[in-house]
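Subject: Structure for you to look at

Hello,

Here is the structure I promised to pass on. Please open it first, then read my notes below.

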Amino acid sequence: MTTIIDETDRRILRQLQIDTTASLDTLAERVSLSRNACWRRIKRLEEAGVIRERVAHLDAALLGLGLSVLVMIRVGTHDQTWLNKFQAAVASMPEIQGAHRMTGDLDYVLRVRVADVADYDRFYKALIARVQMADISASFVMENIKDTTALPI
């Protein structure tokens, strides 16, 4: 089922991506709607699943999680048992911020956030103890040039 999003919805969504803490009155004013019309549209977008959640973006470095790592994985088997174990490991390891099944040479890429190289080593050992992989390698992010969750709507 496709949700129809019009330009007013897009204006609301762009504003929410900038600041989800803005009051309903402020948001309505920014998108040129009445408070009630704005609220109804937000509720419709939430019910349709377009707005999945409202979150705070935290400063990882200030929280002692200054190392971002991209983990590239190749697997030896692609059966359902392996996949179930992998999905369970991914779901239970809070260091994993994103997990993506890929086309091409890699099978999976993980986005991982840890304190430092020693913390990554701890994470790596915990992951390989839970799931058998043919090959795993990592690249440490040296600089975030752009890092956003905002969609281009």
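In what order do the 4 strands of the open sheet stand? The order is β2-β3-β1-β4, and the pairing is antiparallel. The edge strands are β2 (96-101) and β4 (135-140), each of which pairs on one side only. From one strand to the next, the twist averages 20 degrees.

First, the ground rules. This is a predicted model, where local features need pLDDT of at least 70 and side-chain atom pairs count only at pLDDT 80 or more, while totals for chains, interfaces and linings use all residues. Residues are numbered from 1 along each chain as its sequence is written, and side-chain values use heavy atoms, with hydrogens and water left out.

Now the terms for the fold. Helices (H or I, at least four residues) and strands (E, at least two) are DSSP runs, numbered from the N terminus. Two strands count as paired if DSSP finds at least two bridges between them. Angles run from 0 to 180 degrees between N-to-C directions, with axes fitted as lines to C-alpha atoms, for helices over the stretch in contact. Contact means heavy atoms within 4.5 Å.

The sheet

Strand β3 (residues 108-114) is joined to β2 by 5 bridges, and the two run antiparallel. Ile96 stands opposite Val112 of β3. His100 faces Val109 in β3. β2 and β3 form a hairpin with 6 residues between them. In its turn, Gly104 has a positive phi of about 90 degrees.

β3 also pairs with β1, antiparallel again, over 7 bridges. Here Val71 has Leu110 in β3 as its bridge partner. β3 is mostly covered, with 6 of its 7 residues buried. Buried means under 20% relative accessible area, exposed over 50%, and partly exposed in between (1.4 Å probe, protein chains only).

Helix α4 (residues 80-92) lies across β1 (67-74), β2 and β3, at about 25 degrees to β3. Helix α5 (residues 117-130) packs on the sheet and touches β1, β2, β3 and β4. The direction of α5 makes about 160 degrees with that of β4.

Salt bridges

A search of the whole structure finds 11 salt bridges. The cut-off is a side-chain nitrogen of Lys or Arg within 4 Å of a carboxyl oxygen of Asp or Glu. One of them joins Asp9 and Arg41, with the closest N and O atoms 2.7 Å apart. Asp9 lies in helix α1 (residues 7-18) and Arg41 in helix α3, so the pair ties together parts that are 32 residues apart in sequence. Asp9 is buried, at 1% relative accessible area. Both residues belong to a network of salt bridges that links Asp6, Asp9, Arg41 and Arg44.

Glu95 and Arg122 also form a salt bridge (2.8 Å, N to O). Glu95 lies in the loop between α4 and β2 and Arg122 in helix α5, so this pair ties together parts 27 residues apart in sequence. Glu95 is buried at 15% relative accessibility, and Arg122 is partly exposed at 38%. Arg122 meets Asp119 in a salt bridge as well (2.8 Å, N to O). Those two both lie in α5, 3 residues apart, about one turn of the helix.

Ser32 sits in the loop between α2 (24-30) and α3. Ser32 has a positive phi of about 60 degrees, although it is not a glycine. Ser32 is exposed, at 64% relative accessibility.

Best wishes
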